[in-house]
Structures are given as C-alpha cells and as structure tokens.
Amino acid sequence: MQYQAVSATGYYYNCIPVTRHHYYPTVHAVDPLERIAKLVSQNAVVIFSLSTCCMCYAVKSLFSGMGVNPTVYELDEDPVRGREIERALVRLMGNSAVVPVVFIGGELVGSMDRVMGSHINGTLVPLLKKAGALWL
Amino acid sequence: MASHHHHQQLQYSVFPGYNPPNTGYINQEGSSYDFGELEQAIALQGYNKAHGDENKLPLYTTVPRPAATLDMFPSWPMRVHQTPRASNSSTDSGSAVHVAIANTPEMHSHIEPESPISGNGYSRKTSSEQHQQMLRQQLQHLHIPEQLEMESEGGSPVTTGGSSHSQQTPKPFSEKRKGIGSTSEKPVDTKTQRRLAQNREAARKSRLRKKAYVQQLESSRIKLAQLEQDLQRARSQGLLVGGSGVSVGGSLSSGAAIFDMEYVRWLDNDQRHMSELRKGLQSHLSDNDLRVIVDNFVAHYDEIFRLKAVAAKSDVFHLITGMWTTPAERCFLWMGGFRPSELIKMLIIQLDPLTEQQVVGLYSLQQSSQQAEEALSQGLDQLHQSMVETIALGSVNDGVHHMAVALGKLTNLEGFVRQADNLRQQTLHQLHRILTVRQAAKCFLVISEYYGRLRALSTLWASRPREALIGDEDLCQTTTDLQMVQPPSQIHFSNFG
C-alpha cells in the first residue's frame, strides 16, 4: 500500500508561499475535482480514506487480502486540501458518509457496498486485472 | 435457595450504591427472610410512638451518612462508623456508650474469622436469634423501664435466657446485668441509658430495614407488573411461538419491537414461499411459472434485508447481538445474520448436478464472499480496538469528551451491519444468476429448510425432557465435588488450554 500526500508536486508553476493561498484561493487553487481526476489516473487502484475510519480499514484489508496494492490518500492527514477533496467527493457521490471511495483504472467504483457487490458478482477481479492491479 | 438468591439480587438493585460485603450474614439467616424481626420491629415502632419520640430526636437529627442508614446487615466495617455516631447521639451516657461500643472491637477480633458479625456486641450465634433476642429485650426494656432493676437481677425469664446466652461471649448487656448487681452504688442511670441507647439503635435499624424491605417489595411489584404487561403484549402479537420459540426480553426498544413483529410476519411468509417452492418442484411446473416463484423468493429476502436496514438505524444492538433470532441461530451469528460463505459451502454439496461453469462460479462466489467477510470482520475488529482505547484512556478531565467520542464510534456499527446484510443480499442474487430456474428453486428450498431446522432446534432444546437433567444432578454433584477437591488440576488444564 502506498500512502501519498495529497499535495502532489507539479501543480503550481511558481513557488508561492502557503499563506497566500488563504487570501487568493480562486487564483491559485486547483479545482478539487480536477485534482481527483489527476490523482486517480496516476494509479491503478486509488482509495480516498480517513485514517480513523474503520470501514476504510475494511476496504483496504479487502484489497490487501486479494493481493492488490492500492494507493491510499488519507484525507485527514492533509488539513487544507483534504477537506476540499472530501467536499468534492460528497458532490460526486451524492452522499454525506463518503469515505471510503474507490477508483479503479481511473474509473469510479464507489463506496464499500459497491466494491463488495462487484466482488460478489465477479466483476471486480476482471476490472482489477484490466487496470493492471492484479496478475492472475 | 433460588428465590433467596433472587431476593439477594433484588436488594442490590434497590440500593445501587450499597455494597454489602457480608453475604455470609445473609446465608446465616436461613433460606428466607426473617419475618419475625419485622413484626417485632413494627411492634417496637408502636411502643416507641407510644412513649413519644422525644427521646429519639437526638438520634434522628443526627442521621448518619447514607451508607450507615442502609446498613440493614451491619458488618465489621460499619461498626467503625457506629462509634462516632453513638457518641453524637447519646447525651450523658454518651461516653458510656462510646466505651461500650469501643470495647466490642477486641471482643470480636477472635470471632471475626468465623463470620461477619454486626456491631453492638452481638454474640456469635445465628444473627436472627440475636436479633429476636435483642428486640425482645428492647420490648421488655421500653415497656417496663421501671423494672430495670428486676431484670438486671435476672428476674424475667426472657432475659435470663438472654443472659445465659450472653455468658458465652462478653456482651455489654451481660456485663451491665452482672455489673449492676455488684456495683449498685454506681449511677444505674448510666448503664440503663446505655442500654436504652442501644435499644434505640437497634429499633432504628429495624425500622430502616423494614422500610428498605417495603421499598424492595414495591419495586419488584412494579417490575412484575411491567413483565406481565410485556408478556401479554408479546403473546397478543404472536411473538411467543410454542412458549420457547422466540424469547422476548423484558424491555424492547420500539425499533426492536417493530422489527420483531415484522420478522414474525416474514417467517410466516417464509413458510408460504417454502411450500410454494416445494409444490412447484414436485408438480414439475414450467420454467416460467417456476421463475415467478423463484423471483418472489428473492424479493422475499430483499424484504428482510430492507427491514433490517431500517431496524439498524434505530437499534443496531438488537440486530448485531441477534436478539431477534433463536438461540441456536444466535450462537453461530456473524455480524447480525448468517455467514454467506457457510451458506455456499452447504449448498455446493446439495445442488448436484451442476455444470462445470456453475461449479467454478459457485467456488469463486464462495471465495469472494469469504474475502469480503474477512475484510468486514477485520474492520469491525479495528472498530473494537479503537473503542477500547477510547473508553480506557479517557481521563477524569476529558471524561465527557471521551464518552462522546465513543458514542460517535458506536454509530459505525450500523454501517457494518448494513454492509454484512448487503453481502448476504448480493450472494443470494449471484446464486440466482449462476443457477438455472430449477436449480435455483431447489437451492432456495434447501436454504429455507436449513434455517427452519435450525430454528426448530432451539425449540427442541428448550423443551428437552427434564428427567435427563434430574438423573444428571447426582453426576453434576460429584463433578463439582471433584472440582472443589482438586483445584490445582484445573489450573494445570488452563495452562495447557
């Protein structure tokens, strides 16, 4: 499992002090949905999670048990951008209890129930293989 | 003894702060509460009232701490409290009483190992006897205070009986009695007042004991009325099937009660679907007709999962602890219901003949459900660990905050039960997809029959013949004796276990 800071480098073209973001959010901030799209395209399996959430632990455990190595973004470990992403995910999912949210191959799979449903009906493993997260 | 034990438990429930260490005392009394004392206490109250309560006011105004007033069965620790109390309450004879009671500790130092004994210099024979004797003496003393000298010389038969008893162990009374004869020139008032003070003490204790007992009776009467109400409600709702099919707790939350009612109706529907499937298979219906029956069955299970989701919002503990199921089901419960992988395991054997593709499909279904179950179980374990930490590490200062955090964590339980039910539902749907209509019909019939048998097992277990138990009692007796005689061997076993 790889944990990455949400603040991926390469977004900002000039070095701007962090404090300035508070005053000019619209000028320098990147749309969180775009950021999500960028993040999920970088890895085969991406999980947005909270370090304290037990259901997130369950979904991570599910993927580990299958031999998959997902990329996990803990939204509570990044105070500023985490909340933005969380809000964006709420809009995306249309639900308030949002994490864990799973993306496979850049596509949204959904929350825990969708992940388990797709595993039971046999669509999860082919999806993982297609994304290159699982080799037989 | 069963009723007595219940009586004991009732006492604890009535006095939540009360922590009687002297169960030995209670056992000494015998198998039933000593009504004789109470009658005498009531009579004593009458006498006290007749003589006016002005003598007693000093005692009443200095009501001791709650622990002392609820001291129905005064024990060794309580005696320490009595000393200051007695010195507060009595006036001139205060010092004398103080001395008398202070004398008792060393008297009792050799008696203590045998049994916890109430203060005030009671002897070591059975406490009820002591109390009756005390009360009799008090009655005597209060009724005829002017006859103290006669009594002191051992005139009345009651007190001679008492004094003969008291000769076994040093008692203030006996001392006084003998002492009065020898020290007649000493102020008799002191000793008399000391005795009167002790009488008052004992009388007050009896009164308090009576009040406590009456309170107990009232509360258990209310509880009984509530239980009867619940029972009637449950019977009218058909929740009690054959007396032991589904047990109803004393108090269900409304969400739990509603769910239980719906579940009973669902069980009736289940029977109906099962008989339809059986008839459909036996009568060799066309596939289309059978498909309707099978689809209805799947919808029937979707219904219970929907009901459980609603119930999980209002009372998740009712679901997750399996209080809605029979005991046999509850014993093997996983996250508030059946374990899908176990169901598949059971079905694979019984669903021959299957095509190879179907076999592969079933085995992969079994594996994926197993993986999902494992993930959910680990998630629940993580929740448990987190809760243990939250509850254990809450300091006194953050007490409230930690409880709030713990409450927040508990809300996650609903999510786990819902995910587990979702898993069950998806498993049934996948079965429906893998199997042909006929196979699905047979499969669902097998499932219904299996759970029907498991439920019936609980009923049979509850109503198994009692003669077998009676025959085993002697056996149990010997085994317990063996256990008592050989405790070290048990310790060895636990090391290996």
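A salt bridge, as the word is used here, is a side-chain nitrogen of Lys or Arg within 4 Å of a carboxyl oxygen of Asp or Glu. In the model described below, which is predicted, A:Arg35 forms such a salt bridge with A:Glu84, and their closest N and O atoms are 3.4 Å apart. Because A:Arg35 lies in helix α3 of chain A and A:Glu84 in helix α5 of chain A, the pair ties together parts that are 49 residues apart in sequence. Over all chains, the count by this rule comes to 15 salt bridges.

Since this is a predicted model, local features need pLDDT of at least 70 and side-chain atom pairs count only at pLDDT 80 or more, while totals for chains, interfaces and linings use all residues. Residues are numbered from 1 along each chain as its sequence is written, chains are lettered from A and ligands numbered from 1 in the order in which they are written, and side-chain values use heavy atoms, with hydrogens and water left out.

**Packed helices**

Two packed helices are described by the angle between their axes and the distance between the axes. The axes are lines fitted to C-alpha atoms, for helices over the stretch in contact, and the angles run from 0 to 180 degrees between N-to-C directions. Helices (H or I, at least four residues) and strands (E, at least two) are DSSP runs, numbered from the N terminus.

| Helix pair | Angle between axes | Distance between axes |
|---|---|---|
| α3 (residues 32-42) and α5 (residues 79-93) of chain A | about 90 degrees | 9 Å |
| α17 (residues 340-350) and α20 (residues 412-434) of chain B | about 25 degrees | 9 Å |

Angles under 35 degrees count as roughly parallel, over 145 as roughly antiparallel, 65 to 115 as roughly perpendicular and the rest as oblique. The angle of the second pair therefore makes α17(B) roughly parallel to α20(B). Contact, meaning heavy atoms within 4.5 Å, is made here by B:Pro340, B:Leu343, B:Ile344 and B:Leu347 of α17(B), and by residues of α20(B) that include B:Leu423 and B:Arg424. The residues of this contact divide into 7 nonpolar, 1 polar and 1 charged, where Ala, Val, Leu, Ile, Met, Phe, Trp, Tyr, Cys and Pro count as nonpolar, Asp, Glu, Lys and Arg as charged, and the others, Gly among them, as polar.

In chain A, by contrast, α3(A) and α5(A) are roughly perpendicular to each other. Among the residues that meet there are A:Arg35 and A:Ile36 in α3(A) and A:Glu84 and A:Ile85 in α5(A), and the contact divides into 8 nonpolar, no polar and 4 charged residues.

**Where the chains meet**

In the interface, 15 residues of chain A are in contact with 20 residues of chain B. The two chains bury about 1500 Å² between them, 69% of it on carbon and sulfur atoms, buried area being the accessible area (1.4 Å probe) that two parts lose on being put together, summed over both. A:Cys54, A:Met116 and A:Ile120 supply 40% of the area that chain A buries against chain B, more than any other three residues. The count between chain A and chain B is 0 salt bridges.

**Backbone features**

Most residues other than glycine have a negative phi, and most peptide bonds are trans. B:His284, although not a glycine, has a positive phi of about 55 degrees.
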